[in-house]
Amino acid sequence: NFSRVTEFILLGLSERRELQVLFFTFFFLAYAMVLLGNLLIIVTVRTDPKLSSPVYFLLCNLSFIDICCTSVTSPRMLMDLLSQRKAIAFEDCIAQLFFLHFAGASEMFLLTVMAYDRYTAICKPLHYTAIMSRQTCWVLVSACWAGGFLHSIVQTLLTIQLPFCGPNKIDNYFCDVPPVIRLACTDIYVTEWLMASNSGLISLVCFLVLVTSYTFILVTIRVRLTEGHWKALSTCASHVTAVILFFVPCTYIYLRPFSTFPSDKHVCVIYTVFSPVMNPLIYTLRNNEVKASMWKLWKRCRV
């Protein structure tokens with residue numbers, strides 16, 4: 001008899017109660033840092049007219065995406081860490097999967113756009129204002145969201161058309177494509193290849209584009225050793241750190257069809273928790289203009 005699975009059981013990071021309490025404390029603090037850090041960046045950029053250049057407009061959008069991305073997984077994970085039975089309804093699981101890939105893919109495209117912005121500013125400084133106009137920035141950001149939606153809807157449609165009638169335990173702390181589709185009661189050979197071609201190749205191609213962009217930047221800086229270019233190099237170094245934290249784990253997880261390891265859920269922590277936590281630190285601690293604006297905002301709030 002055919003019976004459709006109505007809920008999944010999330011096994012989480014560990015079944016040991018003492019570790020769950022420790023994880024709850026750590027991830028609660030991490031989630032609070034993500035919310036406070038990225039909201040502070042958004043408010044600072046929006047309230048300071050001096051931070052009106054394209055790089056800060058894109059940074060503001062990155063902070064918003066980081067909040068969305070981590071809010072898809074962290075609240076549910078924190079709730080499960082305090083509960084005995086970590087069940088999630090089938091519809092909620094699919095919704096989590098959809099919004100995670102929507103925000104995640106949008107962030108991939110946005111980081112690529114930010115690399116293009118830095119490339120234009122350093123390699124074509126005389127044409128930067130014309131190329132990266134406010135209208136162009138809005139078009140690029142809208143394209144990032146549209147690309148993220150198309151990517152996510154494909155992943156979701158490939159998932160919901162599979163029959164789930166038996167196992168319902170997901171060895172992870174959130175619903176993601178690789179562990180969910182392996183619970184299907186059918187051969188998923190073609191589906192795994194399609195999903196790897198979608199998620200994996202997007203991660204890899206964006207990462208290669210980013211590496212190429214920053215390579216051109218490094219070559220340009222070697223030729224033009226000015227103070228402004230060294231400042232740009234410092235900014236790019238922080239961008240590269242954010243890129244590595246986000247893209248390397250994603251490529252590792254999604255470009256491996258037909259294989260899964262127990263350590264995969266720990267790798268997922270890097271791009272769902274660590275990357276959103278580190279982005280506000282990376283983009284503010286190494287940016288004197290943002291730090292100065294935050295200090296002025298703090299002084300205004302105290303008055």
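A disulfide is a pair of cysteine sulfur atoms within 2.5 Å. Keep that cut-off in mind for the tour of this predicted model.

**Stop 1: the disulfides**

By this rule the structure holds two disulfides. Select cysteine 93 and cysteine 175. Their sulfur atoms lie 2.0 Å apart, and the two residues form a disulfide. Now look along the S-S bond. The angle about it is -120°, and the link is left-handed. Zoom out to see what is joined. Cysteine 93 belongs to helix H3, while cysteine 175 sits in the loop between strand E3 (169-170) and helix H6 (177-181). Are cysteine 93 and cysteine 175 buried or exposed? Both are buried.

Next, select cysteine 165 and cysteine 185. Here the sulfur atoms are 2.3 Å apart, and this pair also forms a disulfide. Cysteine 165 is in the loop between H5 and E3, and cysteine 185 is in the loop between H6 and H7, so the bond ties together parts 20 residues apart in sequence. Check the surface around them. Cysteine 165 is partly exposed, at 31% relative accessibility. Cysteine 185 is partly exposed too, at 33%.

Show both bonds together. With the bonded cysteines numbered in sequence order, the pairing reads 1-3, 2-4.

**Stop 2: cysteine 206**

Select cysteine 206. Which cysteine has the sulfur closest to that of cysteine 206? It is cysteine 144, at 8.9 Å, which is too far for a bond. Cysteine 206 is buried, with a relative accessible area of 7%. Cysteine 123 is another buried cysteine, at 15%.

**Stop 3: the aromatic rings**

Turn to the rings. The whole structure has 19 aromatic pairs. Start with phenylalanine 26 and phenylalanine 27. Their ring centres are 5.1 Å apart and their planes meet at 75°, so this pair is edge-to-face.

Move to phenylalanine 98 and phenylalanine 99. Their centres are 5.1 Å apart with planes at 80°, so this pair is edge-to-face as well. Phenylalanine 98 is buried, at 14%. Phenylalanine 99 is partly exposed, at 44%.

Phe98 and Phe99 belong to one aromatic cluster with Phe64, Phe102, Trp145 and Phe149.

One more ring: select tyrosine 252 and arginine 256. The arginine lies over the face of the tyrosine, 4.3 Å from the ring centre.

**Stop 4: the nonpolar cores**

Go back to phenylalanine 27. Leaving out residues up to four places away in sequence, it touches Leu13, Met77, Leu78, Leu81, Val269 and Val273. Where does Phe27 belong? It is in the largest nonpolar core, which has 62 residues. Phe27 is among those with the most contacts inside that core, along with Leu58, Leu110, Phe247 and Tyr271.

H2 gives the most, with 14 residues.

How values were computed:
Residues numbered from 1 in each chain as written. Predicted model: local features only at pLDDT ≥ 70, side-chain atom pairs only at ≥ 80, totals over all residues. Heavy atoms only, no water. Phe/Tyr/Trp six-rings, centres within 6.5 Å; stacked < 30°, edge-to-face > 60°. Buried < 20%, exposed > 50% of the residue type's maximum accessible area, 1.4 Å probe, protein only. Lys NZ or Arg CZ within 6 Å of the ring centre and 35° of its normal. Core = buried A, V, L, I, M, F, W, Y, C linked by side-chain atoms within 4.5 Å. Helix = DSSP H or I, 4+ residues; strand = E, 2+ residues; numbered from the N terminus. Contact = heavy atoms within 4.5 Å.
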